[in-house]
Amino acid sequence: MTATHGPAGRREWIGLAVLLLPVLVLSMDMGVLFFAVPFISTSLAPSGTQQLWIMDMYSFLLAGFLITMGALGDRIGRRRLLMIGAAGFAGASLLAAWSGSADQLIAARAVLGITGATVMPSTLALIRNMFHAPKQRQVALAAWGGVLTGGATLGPVAGGLLLDHFWWGSAFLIALPVMALVLVVAPFLLPEYRAPKAGRFDLPGALLSMAAILPVVYGVKTVAVDGWSLLPALALPIGLLIGTAFVLRQRTAAHPLIDLGLFRIRTFSGAITVNTIAMFAMMGFALFTSQYLQLVKGMSPLAASLWALVPSVGVGAAVGLAGALAGKVRPAHLMAGGFLVGAAGFGMMTLVGPDSPLALILVAAGVLAAGSVGTMTLTAEMVVAAAPPEQAGAASATSETAVELGSSLGIALLGAAGAAIYKSRLDGRLPAGLDGEAAKAAHDTLGGAVSVAGQLPGRLGGDLLEAGRSAFTDGMHVAAVVGLVFLLGASVAAHRLMRHLPVPAAATAPAGPEQGEPEHGGQQPAERAAV
């Protein structure tokens, strides 16, 4: 099946539904373990650093491989890469479900990230091949963005439902039926696309892009959680140097993975920046919220996951409001306002204590998520429209890299800040009478403290719980202050980056040529204005 240039019909809309299924699974996988942390702590006994790696190894490798896989899909075929990724993701899910140690689970999450990176760029790029009429494409992109953010919301809920009945590894098995369906129906419903004259694959650039992310993240996380040491301190500049080498390679390569000229398009670079910041804020604090409900308030995984749905009401309202205002208010004002709303949510988080009413953290989380998601609903069409069709895969991968990297950095940096404060506050507060192994487990994570407290008699366990929960909320407050300052700066930056854009008019222009044609269709001259 090849792409056509007419309006999309029934087959394309059914094909969109097929594309959205793996997007849902991949976005759910970022949060499906949030409520499994206490169970993993009991079963696998990870250290504090290992626990952070379990949570965000998936997202970091997903981010690290997205640009590479997006460019590869443009060359070997986007549908083919999607199917390869679906098969690999299903196999990696089985490995994760039956991991027998923390290191095995981290490795399985790494494979999930790599295989997931083959799926995400193909889904967004194929939407461009399937939907050429601007209004239809906007609807399809809105559905894609809604499923992406909805999956992040549903992931913890699905995890909570499974954890209430099965072992923690069952959370990974959600992917199996979805990926099997994709493998069966994709050849009949989805078009194949290869970029014309794409040139040779830039293997050195691919290696550099993958090698630039993990050293920086490893250094930041390890220093924040375990304190300064030589290896993580050296990892930071090494990662930055590799990132610089990647940029230089892309400037000089005959066939680069990503055309850096795209970043001179203010609409493209602004949308990328907004996505990164929004996901940093939203996903960076989601882990605190889920742990607070389960470990501080003492809820079961199912109860905590259902209460975690409450903030999605604010998200739905924000998406609807952003869509209604998009044709009336300049994007710069909407995005800056969204970040200010998110900052207010962080401010409310600083008021949450161990004994606070449940409504306080739920409202705070809803305000934070509403501000973040409200900004992201405006950017998907900007990214797709600004890039030439033959680079749609790489451009889509760049956008998704920003989303995944923002999410991962939020979990890592805010999570590391919270973990560091937790450990420092717990020093000197541990009740007397704990043996060395129990004290270390409680000192590493709140999940460890809760697990140890459940094995201690009467007052001793209660004192440990009180100390751990107080230290956790102290860490949450510090992370919220960091997020508040970050979003205030982001509001100013978003306004400056997007102030050139007028109030968008209704999209009525015909879509540009696509399959195998060299013209840069679907882009307005204003969108190509350099910074």
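Analyst: A residue is called buried here when its relative accessible area is under 20%. By that cut-off, 57% of the 531 residues in the protein chain are buried. The model is a predicted one. Its secondary structure comes to 20 helices and zero strands. Of the contacts with a separation of 6 or more, 84% join residues 24 or more positions apart.

Now the helix itself: α4, residues 78-97. Helix α4 holds 20 residues. From first C-alpha to last, α4 reaches 28 Å, close to the 28 Å expected at 1.5 Å a residue.

Which residues of α4 are buried? They are Arg78, Arg79, Leu81, Leu82, Gly85, Ala86, Phe89, Ala90, Ala92, Ser93, Ala96 and Ala97.

Next, the packing partner. Helix α4 packs with helix α7, residues 175-189, at an angle of about 155°. The two axes lie 9 Å apart. Angles over 145 degrees count as roughly antiparallel, so α4 is roughly antiparallel to α7. The crossing of α4 past α7 is left-handed.

The contact can be read residue by residue. On the α4 side are Arg79, Leu82, Met83, Ala86, Ala87, Phe89, Ala90, Ser93 and Leu94. On the α7 side they meet Ala175, Leu176, Met179, Val182, Leu183, Ala186 and Pro187. By class, this contact of α4 with α7 has 14 nonpolar, one polar and one charged residues.

Helix α2 (residues 37-44) packs with helix α11 (residues 266-296) at about 75°, with axes 10 Å apart. Because angles of 65 to 115 degrees count as roughly perpendicular, α2 is roughly perpendicular to α11. Val37, Pro38 and Phe39 of α2 make the contact with Leu287, Gln291, Gln294 and Leu295 of α11. By class, the contact of α2 with α11 has five nonpolar, two polar and no charged residues.

Threonine 473 is found in helix α20, residues 458-498. Is threonine 473 buried or exposed? Its relative accessibility is 2%, so threonine 473 counts as buried. Leaving aside residues up to four places away in sequence, threonine 473 touches Tyr292, Val352, Gly353 and Pro354.

Key
Residues numbered from 1 in each chain as written. Predicted model: local features only at pLDDT ≥ 70, side-chain atom pairs only at ≥ 80, totals over all residues. Heavy atoms only, no water. Axes fitted to C-alpha atoms, helices over the stretch in contact; angles between N-to-C directions. Helix = DSSP H or I, 4+ residues; strand = E, 2+ residues; numbered from the N terminus. Parallel < 35°, antiparallel > 145°, perpendicular 65-115°, else oblique. Left-handed = near helix turned anticlockwise from the far one by under 90°. Contact = heavy atoms within 4.5 Å. Nonpolar A, V, L, I, M, F, W, Y, C, P; charged D, E, K, R; others polar. Buried < 20%, exposed > 50% of the residue type's maximum accessible area, 1.4 Å probe, protein only. Expected span 1.5 Å × (residues − 1).
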